[in-house]
Structures are given as C-alpha cells and as structure tokens.
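Subject: Structure handover

Hello,

Here is the structure you asked about. Please open it alongside this note. My findings follow below.

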Amino acid sequence: MGIAQHHRQSSLIGARPRSSASNLRSRLAPARGQLRVRADVNWDAFRPRNSTPPNRATASHAISVPSIAGPVIQTDFLVLGSGIAGLSYALKVAEYGRVAIVTKDFANEGCTQYAQGGVCAVLGKSDSVAEHVRDTMIAGAFLNDIQAVELVCREGPARVLELAQMGAQFTTNMDGSLHLTKEGGHSQRRIVHASDMTGREIERALLATCRAHRNITFYEHHLATDLVVDEFEGMPHCFGVDVLDQQGMAMTRFISLATMLASGGAGQMYPNTTNPHVATGDGIAMAYRASAVVSNMEFIQFHPTALYDPTNTGRTFLITEAVRGEGGHLYNAGGERFMTKYDSLRMELAPRDVVARSIHNELLERNEKHVLLDISHKPADEVLHHFPNIAVKCAELGLDITQDPIPVVPAQHYTCGGVQTGLLGETSVQGLYACGEVACTGLHGANRLASNSLLEGLVFADRAAGPSVAHAEHALRSCGRQLHYAAASARFDGARGATVLSPEVAAWAASARTEMRDTMWRAAGIVRRETELTGAVKSLAALKLEAASALTSNGVSAPLVELLNLATVAEITASSALQRRESRGGHYSQDYPDEVEEQRWPSLVGISGVGTRRHRLAPELAPAVASSKSDVYIGNGVVPIVRSGADGVTAPALASIGEEDMVASDEEGGSVRRGAK
C-alpha cells in the first residue's frame, strides 16, 4: 500500500506512535473516498518512461508514487542497513507504503548477527524498570539522557516479546519461560538470549519476515554514497540517497519520502574490532555531510574480552560478556585474579570500560599479550549449553573451554555516539531518521550497558515509524518541487559515475586505511593523550581531504567511499576526544584522568554555516583542527533538537542528570524524572 494523503495529516506530524503496528495503522488509516492526488505535485517527475500519467480523477485511495526506470528508483520509505534496527523499522512502515532496504553486502552481514550475549528486557519477578534505568545510567557515567533511558527500559520488554512472537527462538527454561542471564553492569538477570548466538537468531527471524512482506524490496551489495538533501521552508530535508551498485558498477538515485539511517557503527576505524568489514561509519559520515548534528563520538566502547588469535586478519571474535556473567574469572599470566586491584566490589562484572582499562593496564605493566578468561570451574554441560558457538571457535584453536582458560584482549566493539536524534528517531535534517548504532539517542551516555544496543534498535525503530509515515504524507503533499528536482538532477557522468580503481589507486587507498586505523588505535584507543590526539586530528583532516580529492579524480568506488567515510568519522572522534578535558566512560585521558562535573554535557559536532549557532573549539586547541570545517563543543549551549516528554514539556536533546537527580520508583516498573540541579 502506498502513502495516502488525508485531512488528518497535520495532526500527526511529530506524534508519538502507539506501541503496536495495528494501533498505528488504525490511527493513520483514512476513510475511503477522502483521498485525492493533489494537483500541485509534479507527477511527471515520477512517471515511468513511455507511459501515461496516472488518472487523477480515479486515483486509488492508497496512493504510491510510480517508479522511474533508469538511474532513479522511487520508494515511499528508504532504509539504509539491514540489521535489527533497519529490519524492525521496515516491517513497521511497510504497512503504509513500499520500502526499499539498501544494504552494502548480503542482507544478513552486519553487527546484529555477531551479537552473542542477548537483548535486555525487564521480565524477571525481582527486576524493575527503575533498576534497569539505574544500571544504564551508572554504566553511562550519568551522561545519558534520562528520558531516553526511561522510555527504552519501559518499552523494551514489549518489543522483545514481539520478536518471540515473530518466531525468534530464544533459550528457555524447563517450564518454557525465557531464560534470563546476567552480564557486566547489570544488577539483575535480564538478558534474553539464544545460547551465545542471539544476534544471528534475531537476524534470521527478522529477515525471514521482511523477505515475505510484499511491500519490502532488498537491494543487496548496494553502497549508499551520499544523502540527497534540499531545503524546504528554510529547513534541510532529505529526499533519498545516491547508491553504488557494487556488482553492476552503476550509480542509482533512490528518491524517498522518508529515509531511515540504520547502517551501524564505525568499528573499522580500528585495527582490532569485533565489527564486520561493513562497519565503516557510512551513515554517520553521510549525515554529517548533509548537515545533521553528530554527538558524543569520543565515546568508543572497547569490549574487554575478544579472543586473542595472532593468526587472525579479519574481524576479531567476541567472547560474550555472559561468560563473566555466568561466573567466568579473569587472570593474568601469573595466575592472579587481577580485578581485585581495580574494582574489588564488582570484579569481572564491572562496566566494560572499567574492565577493558584494567586489562589494558595489566598487559602494559606485565608486558604480556593477553589475559585469561576461565569458566572451567563450572559444570561442563552447563558451559557447553550456554556457549556452544564459543566452544566451537575455541576448539579450532585447540582450546577446550570446559578445561582451558580462554586468551582474551580488549577490542573496539561499539560506537556510543552517532547522529543525534530525538525520542522519535528524528534528526536535525527533516525526513531523515536514525536508529541503532548509527544514532546517538542519549541512551548510552559515555558507555553502553551490555545488551542495551539490540534493545535500543527495537525501541527506536518502533517509535520512528509513526512520525515517518506522517512526514512521508507531508512530503508528498508539500514537497513536489523538491522531489521533482531530486529526480531530475540525478546525473552520474564523469567523476560522479561508478569506476573500477586502478591497481595503484587501490593500493594507496588500502595503505591509507591501514595507516588511519593504526593512528586511531594509538591516539584514540583505550587510553588517550592530548599530544597524540592533536597530531591525529591534523593527519586525519589531511587524509579526509585526500580521500575526497581521490573520489573527485577517479570516480565512485567502494574503497574510496569507505576511506572518505572512515576518515570523516575518525576526525570527528579524535576532535571530540581532544575537546573533552576529563575522563568519563569510554573516553579515558591520561592528561585529565578524573571526571569533571562541569564537563558532564554531550559533545556536538556540525559543519559550519548550516544555520545553527555553535560554540567553537577552545582557542588553544584550534590550531589542531585548523583544516577542519567542523565545530565541536561540549557544554550546555545550543542543543539543536528538542524533545517532547510524556508531560508535553520540551527538554534539551541530551539532558544531563546525576545520580542525585534520580528518584525512587514504585514496584510496578518505576518512575524516573529529572530533578532540579
């Protein structure tokens, strides 16, 4: 069914969706006979070639813009990415129009399928929403947006149960109830999982459902290169994306009424990462170039326990936090259970940033290459039941996890920052939404709580559906001229066309990428120093310019597009880290090792001159980023996005709240609010 126009549209812009697709459908469904194609929309721009215009007098009650043959493909909703966030969103909006899912590899290749531990949900009798909120805030070093945290923790259980109803086969107890495990930073057992292959099972269930939906079309091996943005009433609006077909080596412009960024994080900025090869920060970089605000990029999460395998040259294999949650202990090579020195209360179940830095310090002090994670003291059948995937992988290296300790090291795992959004997934660019790892919703703060990422994707995909439908109707009704221009301006000749790189340019791109990753590990890794960050910002800004020049000279190719995106996101990350003069969560500075209350604000990054006032870098740091056109600031200045809370009062996009601001909750799920500071 296509997007329909009706008289109730104006009341739906910005409305919060109800909790189920059926409720949303009934809310938006118009009465028959009320729908007409408006004369002020230039339908010729969307008419298939060699065809006649649609009959305006007898148009269907469910109107969808016709497709164009050739370099332009039109769709009602466009989704960039095919992980848990993108697929969940696609299923919601597919009830109202055609959906195109653009994904740069096979649809199942992404971070979701590699998620081992599970997805949070307050389902245990002894658990509460308030406890989940508190655990999330503590892990995030109180940089979290309390509104985002509260709504995710409250709405999450319903979204997780939807997955089970869809067919996701989660691990259950003998009585058929969902088995809940525990991970670092959690005070209760609340992790729903499918053994140690949760992400793979969720991806399977979502993909099967999406592929069976008649309104959803997949475009695999298609790489999004840049968003199509135009102004309407003085505000930037997104009308689609330019895409490289990597197999056909051709460029296509996808025109859409609403676009969802769900393209994942930027783990490939680092040489050691649990992220797959597709995680090159494409969505963050494209949104940044389109003038969207990017937030909190200095907060990179390093997972404490990735499998140490010196022969590995690709994605680092993750050893899920659930191994420690089920009783695994960490030892150094001397047999010392070293977490007693760093966090004697929480030990191995301390938040990830604490455990990762502890391991990092042990390796430096003892000049060792890895530490050991041991769960062999647990019953063998229990270990193999919970962690079959890990057992198989370790067996390939000659390790029996029921008898042998597992060699582990920290590795980049998650990008806590991203494209800044409101509580409905909206960005500072109209018609552009973001959810999943590409977004910064305010949930994670300075460090993500284990297994909150899959939950965030589910909740914000659901919350973005209603506003997306409303915006699509608004765009169809009011933005005909901009849609026409977006289609008519799709030209992919010369440097804008697809190209196969020469061996020399391909070799340069690969070498530059390796050098960039080494720079990021050295300067913006687990422990950071101002002098190294200053040098990194300069070199990354120069690399970004080189990559952009190479694209202009050689044409569009995946290696150059990914290099430009990685350099862009790396520069933002290093610049944000350089500006934050404290240590908090995933950002640890050796020069500023303490938390500073005055710095407990989000960092915001945007391109100069896009109409939003921003604070500049501190004068003494300005030379380090002189070649950058970005503004980076940390503080309570202008926050571009405002959010409407449940009480109807608008609040800054990333609210600041301390532990003292949190109030006790009732037994039935809790109530958390901002307190006066």
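Buried here means under 20% relative accessible area, exposed means over 50%, and partly exposed is in between (1.4 Å probe, protein chains only). S451 is buried by that rule, with a relative accessible area of 5%.

Two notes on the source. This is a predicted model, in which local features need pLDDT of at least 70 and side-chain atom pairs count only at pLDDT 80 or more, while totals for chains, interfaces and linings use all residues. Residues are numbered from 1 along each chain as its sequence is written, and side-chain values use heavy atoms, with hydrogens and water left out.

**The whole chain**

The protein chain has 677 residues, and 61% of them are buried. Its secondary structure comes to 15 helices and 21 strands. Helices (H or I, at least four residues) and strands (E, at least two) are DSSP runs, numbered from the N terminus. The accessible surface is about 25,100 Å². Carbon and sulfur atoms hold 50% of that surface. Accessible areas come from the Shrake-Rupley method with a 1.4 Å probe; for residues, only the protein chains shown count as cover.

Contact means heavy atoms within 4.5 Å. Take the contacts between residues at least 6 apart in sequence: 73% of these join residues at least 24 apart.

Start with α13 (residues 503-523) and α14 (residues 530-554). They pack at an angle of about 160 degrees, with axes 10 Å apart. That makes α13 roughly antiparallel to α14. Axes are lines fitted to C-alpha atoms, for helices over the stretch in contact, and angles run from 0 to 180 degrees between N-to-C directions. Angles under 35 degrees count as roughly parallel, over 145 as roughly antiparallel, 65 to 115 as roughly perpendicular and the rest as oblique.

α13 passes α14 in a left-handed crossing. A crossing is left-handed if the near helix is turned anticlockwise from the far one by less than a right angle, and right-handed if clockwise. On the α13 side, the contact residues include V505, W508, A512 and M516. On the α14 side, they include L533, A536, L540 and L543. The residues of this contact divide into twelve nonpolar, three polar and three charged. Ala, Val, Leu, Ile, Met, Phe, Trp, Tyr, Cys and Pro count as nonpolar, Asp, Glu, Lys and Arg as charged, and the others, Gly among them, as polar.

Next, α13 and α15 (residues 558-579). Their axes come within 10 Å and cross at roughly 20 degrees. That makes α13 roughly parallel to α15. This crossing is left-handed too. V505, W508, A509, A512, R513, M516 and M520 in α13 meet a set in α15 that includes P559, L560, L563 and L566. By class, the contact has twelve nonpolar, one polar and two charged residues.

α14 passes α15 in a left-handed crossing. The contact of α14 with α15 holds 18 nonpolar, four polar and three charged residues.

**The loop between β5 and α5**

H193 lies in the loop between β5 and α5. H193 is buried, with a relative accessible area of 3%. Its C-alpha atom is 8.0 Å from that of Q116, a residue 77 places away in sequence. Beyond its neighbours within four places in sequence, H193 is in contact with residues including G117, F170, H179 and H386.

S195 lies in this loop as well, between β5 (191-192) and α5 (198-211). S195 has a positive phi of about 50 degrees although it is not a glycine. Most residues other than glycine have a negative phi.

**Other points to look at**

S451 also has a positive phi, near 65 degrees. S451 sits in the loop between β17 (439-440) and α11 (452-478).

In α10 (residues 388-396), the buried residues are N389, I390, A391 and C394. They pack against α5, β11 (300-307), α7 (322-325), α9 (380-386) and β14 (406-415). G398 follows α10 and has a positive phi, near 85 degrees.

V605 is found in β18 (residues 603-607). V605 is buried, with a relative accessible area of 1%. The C-alpha atoms of V605 and S576 are separated by 7.9 Å, and the two residues are 29 apart along the chain.

Best wishes
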